[in-house]
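Colleague: I am new to this structure. Could you show me how to read a few of its features?

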Amino acid sequence: MSSKEELQKRLGVTIDSETLRLALTHRSYAYENGGIPTNERLEFLGDSILGFCIAEYLYETQPDLAEGDLAKRRAAVVSMRALASVARQLDLGHHIYLGRGEKQSDGANKASILADTVEAIFGAVYLHHGIEVVRSLILRLITPMLEDGELLGAATDWKTVIQEEAAGNKLGEVFYEVTGTGPDHARAYTAILNIGQRVLAEGHGPSKKEAEQEAARLSWKLLHPDEPGTPTSK
């Protein structure tokens with residue numbers, strides 16, 4: 001059995017070889033191989049499908065939860081941390097096509113790369129089989145984590161928290177200035193969070209999302225210096 005057949009066995013679904021290869025092609029590998037297509041479009045598709053399937057599941061199975069708690073639970077299980085955990089259970093890193101630089105920097109174990117590839121896999125399954133099959137796969141892989149109290153507690157969506165903070169206190173528009181440095185295979189991002197005319201905090205991370213989340217987290221701490229822990233859902 002080939003490694004790709006083994007991966008599909010773990011997934012419990014089949015994907016045609018061309019689409020599967022695309023789902024596993026990181027931009028660092030594409031860059032080093034003549035600019036071939038990457039998995040980023042599939043990742044975009046899979047991210048949307050994942051969010052919808054989990055939102056639908058929570059709506060149907062948690063009738064007593066308020067909107068804020070539903071959002072927090074969804075954020076927990078579609079987070080980079082959660083998706084990277086799923087990828088490691090599938091041994092997905094072993095199958096990702098990475099450029100030399102990412103291989104040398106242990107890219108196959110980077111949470112951001114693993115999480116993005118899981119989303120690309122979901123996008124590929126949707127294209128190959130349709131919504132019912134990908135929904136079944138997502139619920140099988142993702143919903144067990146709704147019982148993980150530690151994961152749920154760590155899943156604060158800081159960007160949403162800051163947005164609500166600014167709106168509720170009429171602080172002004174929230175916007176991020178994001179810059180990236182370094183080669184495509186080892187990109188590093190800096191995000192500066194602004195509210196109205198005020199510059200609050202600067203975050204760093206290997207992806208735009210992570211840099212923005214860190215900037216939002218630091219900004220909330222700056223606005224609430226005397227409040228320990230994390231904000232509660234509204």
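Modeller: We will go through helix packing, aromatic rings, charges over rings and one serine. Keep in mind that this is a predicted model.

Colleague: Let us begin with helices. At what angle do helix 6 and helix 8 pack?

Modeller: Helix 6 covers residues 80-89, and helix 8 covers residues 111-129. Their angle is about 80°, and their axes are 8 Å apart. Angles of 65 to 115 degrees count as roughly perpendicular. That makes helix 6 roughly perpendicular to helix 8.

Colleague: Which residues in helix 6 and helix 8 meet?

Modeller: Helix 6 brings Met80, Leu83, Ala84, Ala87 and Arg88. On the side of helix 8 are Ala111, Ser112, Leu114, Ala115, Val118 and Glu119. Sorted by class, this contact of helix 6 with helix 8 has eight nonpolar, one polar and two charged residues.

Colleague: Now the rings. How is a pair of aromatic rings described?

Modeller: By two values: the distance of the centres and the angle of the planes. This structure holds two aromatic pairs. Take Tyr29 and Tyr97: their ring centres are 5.4 Å apart and their planes are at 45°, so the pair is tilted.

Colleague: Where in the chain do Tyr29 and Tyr97 sit?

Modeller: Tyr29 is in helix 3 (residues 27-32). Tyr97 is in the loop between helix 6 and helix 7.

Colleague: Is Tyr29 buried or exposed?

Modeller: The cut-off for buried is under 20% relative accessible area. Tyr29, at 18%, counts as buried. Tyr97 counts as buried at 19%.

Colleague: And the other pair?

Modeller: That is Trp158 with Trp220. Their ring centres lie 5.6 Å apart with planes at 50°, so this pair is tilted. Trp158 belongs to helix 11 (residues 158-168) and Trp220 to helix 12 (residues 208-223), 62 residues apart. Trp158 is buried at 9% relative accessibility, and Trp220 is buried at 3%.

Colleague: Which charged end sits over the ring of Tyr97?

Modeller: That of Arg21, 4.1 Å from the ring centre. Elsewhere, Lys159 lies over the face of Tyr176, at 5.1 Å from the ring centre.

Colleague: Last, the serine. What is Ser219 in contact with, its neighbours within four places in sequence left aside?

Modeller: Ser219 lies in helix 12. Its contacts are Ile162, Leu193, Leu200 and Ala201. Ser219 counts as buried, at 0% relative accessibility.

Notes:
Residues are numbered from 1 along each chain as its sequence is written. This is a predicted model: local features need pLDDT of at least 70, side-chain atom pairs count only at pLDDT 80 or more; totals for chains, interfaces and linings use all residues. Side-chain values use heavy atoms; hydrogens and water are left out. Axes are lines fitted to C-alpha atoms, for helices over the stretch in contact, and angles run from 0 to 180 degrees between N-to-C directions. Helices (H or I, at least four residues) and strands (E, at least two) are DSSP runs, numbered from the N terminus. Angles under 35 degrees count as roughly parallel, over 145 as roughly antiparallel, 65 to 115 as roughly perpendicular and the rest as oblique. Contact means heavy atoms within 4.5 Å. Ala, Val, Leu, Ile, Met, Phe, Trp, Tyr, Cys and Pro count as nonpolar, Asp, Glu, Lys and Arg as charged, and the others, Gly among them, as polar. Rings of Phe, Tyr and Trp (its six-membered ring) pair if their centres lie within 6.5 Å; planes under 30 degrees apart count as stacked, over 60 as edge-to-face and the rest as tilted. Buried means under 20% relative accessible area, exposed over 50%, partly exposed in between (1.4 Å probe, protein chains only). A charge sits over a ring if NZ of Lys or CZ of Arg is within 6 Å of the ring centre and within 35 degrees of the ring normal.
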